[in-house]
Amino acid sequence: MKDRVEAEELLITSDLQIQSAATAWKHVHAEYVDVVDDILATLAPSGPYASVVPQLKEGREIPTQRIVSTYEAIEHSYRSMHRFAAVVAIRPVAEINTSWYTFVSGIGRGREKQSGAESERPVVVLFPTMGSEGITGELFWGRTQRDSMPGDPANGALASRFAVAGLHEALLDAYRKGDIDTIVEKSHPEIQTGVRDYVAQTGTLVELHTKDERRAHLQDFYARYAVRGIEVVTQHFDDWFFFHELRWTVEAKKGPDAGGVLRYHTAEYAEVSAAGLVVAHIGHGTDQLRIG
């Protein structure tokens, strides 16, 4: 049995955790100042990048999320947004810092520049850093659903959170088994998906806008990999979303790594509707490490 290790070894990872937090909040504070060149200066020196840009479309309940993955596209999105709106504040109620990302949930407050009107709503945002001194993306989502899952009244004030946790557990079980039908069944028809693309290996996010597109991507994923294990590193539940960091161990069935065993981490959040459907599933992931 291994005994306790030296404090130096225990605390060494905190250097990267603190660096990720400082990097993320440097970006947020630049948003407050509202100078786009200063905002862009908080990006990592090189890509691939991954940020989401919301677009409201007539006839759709859920905002359509577009993935931008180049410096030029991110610059355009920031200049477009800050022409019309300003970020006033993000007031966190939860913050998770790791060696490769910072996740924040809380209240976001913005101002419409033409009218001066301010508004606020619950938000979640993931800042991937990948160990850089700049962010490699800003994955932002504002709450779209008015009501939360009702949950079991016996769970009192935490009923909705336990209901979200139950949905999360069912989804993890489905991911471990490769049960695509269950994953899709628990998806909103207009689910917005932006997760690391391990199928095409682009290094950035796949962009999906319906549960049918989600099914097709999952079919491609499980055709390429056999899941050997999914372990929870971190998880957090609110009454309207869940967040997790997962450690995946997979065996490649085809491609350049065919026959090899690979390991990687993903960090993702998901908004959940009152009906227990996933409205948005957005996040990022590390590069894959061959371990066998």
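User: What does it take for two strands to count as paired here?
Analyst: Strands themselves are DSSP runs of E with at least two residues, numbered from the N terminus. Two of them pair if DSSP finds between them a number of bridges that is at least two.

User: In which order do the strands of the open sheet of four strands stand?
Analyst: This is a predicted model, in which local features need pLDDT of at least 70 and side-chain atom pairs count only at pLDDT 80 or more, while totals for chains, interfaces and linings use all residues. Residues are numbered from 1 along each chain as its sequence is written, and side-chain values use heavy atoms, with hydrogens and water left out. The pairing in this open sheet is antiparallel, and its four strands follow the order S3-S4-S5-S6.

User: Which strands stand at the edges of this sheet?
Analyst: An edge strand has a single partner strand, so one of its sides is left without a neighbour in the sheet. That is the position of strand S3 (85-97) and strand S6 (139-142).

User: Which residue in S6 stands opposite Val 124?
Analyst: Strand S5 (residues 118-128) and S6 pair in the antiparallel sense over four bridges. Opposite Val 124 stands, in S6, Trp 141.

User: Is Thr 204 buried or exposed?
Analyst: Thr 204 lies in the loop that joins strand S7 (187-196) to strand S8 (205-208). Buried means under 20% relative accessible area, exposed over 50%, and partly exposed in between, with a 1.4 Å probe and protein chains only. Because its relative accessibility is 9%, Thr 204 counts as buried.
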